[in-house]
Amino acid sequence: MDYTINKGVNRPLDFYGLKETYIFYFAGGVTCAIVSYFILQFFIAWVAILVALLIAVASYAVTYYLNDKYGANGLSKRMAQNACPKRIQLKRTRKLISKGGIKR
């Protein structure tokens, strides 16, 4: 008797073409659309539907665009690269030199 378990181990998460973290980004966009609908429905119903659909379509378009452009982990790598400083500036040495703390 053979049992096959853990078929999906070491395979990336994929849902209708969306990879890994983009699934959560898309779910967050749809959640924002639903929340905005419930908030705006008290004012004008058709405006609430229009705004919710606009947010949902924009979320769909942006997440699939980012998924195609950056891939599974590319957006995280890009954000980490942008968070690193381009250069290191030393500002304290000028103050110490002007006060006579460091002599050359």
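Predicted model: local features only at pLDDT ≥ 70, side-chain atom pairs only at ≥ 80, totals over all residues.
**Overall picture**

- The protein has 104 residues, of which 13% count as buried.
- When contacts between residues at least 6 apart in sequence are considered, 55% of them join residues that are at least 24 apart.

- Tyr 16 counts as exposed, because its relative accessibility is 68% and the cut-off for exposed is over 50%.
- Glu 20 belongs to the loop between E2 and H1, and although Glu 20 is not a glycine, its phi is positive too, at about 40 degrees.
- Glu 20 counts as partly exposed, with a relative accessibility of 22%.

**How helices H1 and H2 pack**

- Two packed helices are described by the angle between their axes and the distance between the axes.
- For helix H1 (residues 21–40) and H2, the angle is about 170 degrees and the axes are 8 Å apart.
- H1 and H2 are therefore roughly antiparallel to each other, since angles over 145 degrees are counted in that way.
- The residues in the contact of H1 with H2 divide into 17 nonpolar, five polar and no charged.
- On the H1 side, the residues that meet H2 include Tyr 22, Phe 26, Cys 32 and Leu 40, while Ala 48, Ile 55, Ser 59 and Tyr 70 are among those on the H2 side.

**Two buried residues, one in each helix**

- Tyr 22 lies in helix H1, and with a relative accessible area of 0% Tyr 22 is buried.
- Leaving aside neighbours within four places in sequence, Tyr 22 is in contact with Thr 63, Leu 66, Asn 67, Tyr 70, Gly 71, Ala 72 and Leu 75.
- Tyr 22 and Gly 71 are 49 residues apart along the chain, yet their C-alpha atoms are separated by 9.3 Å.
- Ser 59 lies in helix H2 (residues 45–70), and Ser 59 counts as buried because its relative accessibility is 11%, where the cut-off for buried is under 20%.

**An aromatic cluster**

- The structure holds five aromatic pairs, and one of them is formed by Phe 26 and Tyr 60, an edge-to-face pair with 6.2 Å from centre to centre and 70 degrees between the planes.
- Because Phe 26 lies in helix H1 and Tyr 60 in helix H2, this pair ties together parts that are 34 residues apart in sequence.
- Phe 26 counts as partly exposed at 26% relative accessibility, and Tyr 60 is partly exposed as well, with a relative accessible area of 46%.
- Tyr 60 also forms an aromatic pair with Tyr 64, and this pair is tilted, with 4.7 Å from centre to centre and 50 degrees between the planes.
- Tyr 60 and Tyr 64 both lie in helix H2, four residues apart, which is about one turn of the helix.
- Tyr 64 counts as partly exposed, with a relative accessibility of 21%.
- Taken together, Phe 26, Tyr 60 and Tyr 64 form one aromatic cluster.

**Cysteines and disulfides**

- A disulfide is a covalent bond between the sulfur atoms of two cysteines.
- The structure holds zero disulfides.
- Cys 32 is partly exposed, with a relative accessible area of 48%, and Cys 84 is partly exposed too, with a relative accessible area of 46%.

Conventions
Residues numbered from 1 in each chain as written. Heavy atoms only, no water. Buried < 20%, exposed > 50% of the residue type's maximum accessible area, 1.4 Å probe, protein only. Axes fitted to C-alpha atoms, helices over the stretch in contact; angles between N-to-C directions. Parallel < 35°, antiparallel > 145°, perpendicular 65-115°, else oblique. Contact = heavy atoms within 4.5 Å. Nonpolar A, V, L, I, M, F, W, Y, C, P; charged D, E, K, R; others polar. Phe/Tyr/Trp six-rings, centres within 6.5 Å; stacked < 30°, edge-to-face > 60°. Disulfide = S-S within 2.5 Å.
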